[in-house]
Amino acid sequence: MRLLVSDLTHRYDDLTVLDGIDLTLAEGEILAVIGPSGCGKSTLLGIAGGIVAPTSGSIRVEGEVPDGCLNPITFIFQDFALLPWRTVEDNIALVLEHHKLSAAERRERVDSGLRRMGLSEFRNALPKQLSGGMRQRVGIARALAVRPAMLLLDEPLSALDAQTRELLMDDFLELWRREKTTALYVTHNLDEALRLADRVCVLSRRPGRIRELVTIEVPRERRQEPSAQAHLAEVRGRLWHLMKAEAQMADREIARA
Amino acid sequence: MPDSLNPTVTPTASTAGQPVRFRGGGFTVKRHPWAALGAFAVLIGLWEGASRLGLASPLFLPPPSAVAHALAGMVTDGSLWLNLKASLARIAVGWVMGTAGGMLVGFAMGIFSTARAVGVPLVSAFFPIPKIALLPLFILWFGIGEPSKFATIGFGVFFPTVIATYSAIDQVPRNLIRMAQSFGLPWGSILRSIVLPGALPGILAGFRITASIALILVVAAEMIGAEYGIGAFVLMAGNLMQTDTLLAGVLVLSLLGLAIGTVLSQLERRLLNWR
Ligand SMILES: Nc1ncnc2c1ncn2[C@@H]1O[C@H](COP(=O)(O)OP(=O)(O)O)[C@@H](O)[C@H]1O
Ligand SMILES: [Mg+2]
């Protein structure tokens, strides 16, 4: 599924958060969005997912959805957004409840999500009994259960410690190796962007405008190889330079306000 | 190789400078399971002793043994069950009416902003009225019998339930509702699967408050006009100067409050085990 954003502007009352965003996501592309906090990244995702109404501009999708897709545009949240009163498997089943499915298919969707995320033995656990990494795996399994055509990930690893983050990045790589799901991946973390994304979009401080779109030329599967390191280091340097300038200016503006 | 780099050789205590003085004591909660029981025993013992020594008049402050005797008498002559039954029925009917109505209105106010805009000023106006003051009016409307007592208790329970319910709905995490919307869950499912369970802790906390309100109101209403009921029983005992019987009635009320609290705690433990 492709995503087409054109001249998108968003204001919360008087606060302009996004200003003239033009963006195209190709079929199967993973675009990382980075930018200082408060620049409108979550708002952009919310608009893309149809849960925030934009002030002006247009956001459209086109293209095929996979077989059995129940919810083409699907979120994975920073805070996991699990229902604390439901077990792991019931959290996944929640998003299937309002669809007409046979009991067998319902089971199969829940079970395959659990299996892929290594959660089978925790199916009856409550979220409070799981580590942060496991909770986010439930969030991913829930998203996979609806066979999405596009994933919107809002800092999915920000609440996790460094080791867990590494492990989950591997899970995402595996996911995108198997399914070419288009994804918009918001993050603070350059490592995540450099490991997972095809392109990186740097947003300016608020109001968020596109500062630069950087393409990572090395394919995802080869980024651990020594020959890729020079290019990755160069991209990292460029991204860091842009991010640092924006973050410093954002800090000064906050101090002045 | 110097000793300091050899991990198998550790300096002995006597050679190593000063010991570190422990200073992390206190400021922690320790459990003293028998302390409460002991305090009760001492209090009852002092009270009994004072009575036996003639320090307190048995008419104005009968000893615990007399109260226990009176309570036993209430059990054997059947007056305990007769009065308790009457009070429990009033609490049950009044509380269920007030709670059902309050939850209905509270949910409406929690979900629909127009209902809230209309409801909040009304609730704020009615909530502070001591509901027992309305009993004479309810007696005029419904007669001296049961309905006026149900109405007083129901009315007293209604407003706190409304407030607890809509505040509980405000406490339901918005991110969960957003999540459900992003997966396309219909409105009714969001209400049933997210808003209702998410509001349950606040609603159950409200039950605790309304249960004690119901207990206060039933006693007050029974003192104003009732043949049976713990409130009527206590008032009658007072009129007859039977202070031991009076205190036995008060003891029953205290145990009743304790029992209701225990039931609610169990309910919370069952329904909110996910916290
Ligand atoms: N619902 C809202 N109402 C008003 N202001 C909001 C709302 N949501 C976010 N904001 C403000 O908009 C700005 C951008 O928010 P957000 O999109 O969450 O930024 P980011 O995800 O990049 O940190 C922030 O300053 C935030 O305070
Ligand atoms: Mg954000």
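Hi everyone, one definition to start: buried means under 20% relative accessible area, exposed means over 50%, and partly exposed lies in between, with a 1.4 Å probe and protein chains only. By that scale Glu174(A), at 34% relative accessibility, is partly exposed.

A word on what we are looking at. This is a predicted model, where local features need pLDDT of at least 70 and side-chain atom pairs count only at pLDDT 80 or more, while totals for chains, interfaces and linings use all residues. Residues are numbered from 1 along each chain as its sequence is written, chains are lettered from A and ligands numbered from 1 in the order in which they are written, and side-chain values use heavy atoms, with hydrogens and water left out.

Let's turn to charges. Side chains of opposite charge can pair when their charged atoms come close. For a salt bridge, the rule here is a side-chain nitrogen of Lys or Arg within 4 Å of a carboxyl oxygen of Asp or Glu. Over all chains, the structure holds 27 of them.

Back to Glu174(A): its side chain meets that of Arg177(A) in a salt bridge, 3.1 Å from N to O. Both residues sit in helix H5 (residues 162–178) of chain A, three residues apart, or about one turn of the helix. Helices here are DSSP runs of H or I with at least four residues, strands are runs of E with at least two, and both are numbered from the N terminus.

Next, Asp111(A) and Arg107(A), whose salt bridge spans 3.8 Å, N to O. They are four residues apart in helix H3 (residues 103–116) of chain A, so about one helical turn separates them. Is Asp111(A) buried or exposed? Asp111(A) is buried, at 17% relative accessible area. The pair also belongs to a salt-bridge network that links Glu89(A), Arg107(A), Asp111(A) and Arg123(A).

One more pair in chain A: Arg222(A) and Glu225(A) form a salt bridge with their closest N and O atoms 3.4 Å apart. Arg222(A) is partly exposed at 42%, and Glu225(A) is partly exposed at 33%.

Now over to chain B. An unreviewed UniProt entry annotates residues 80–264 as "domain: ABC transmembrane type-1"; such annotations may be inferred rather than shown by experiment, feature names are shortened, and positions follow the numbering used here. That stretch is 86% helix and 0% strand, with its end C-alpha atoms 23 Å apart.

Ile224(B) lies in helix H8 (residues 187–224). What does Ile224(B) touch, not counting residues up to four places away in sequence? Ile132(B), Leu135(B) and Ile139(B), where contact means heavy atoms within 4.5 Å. Thanks, everyone!
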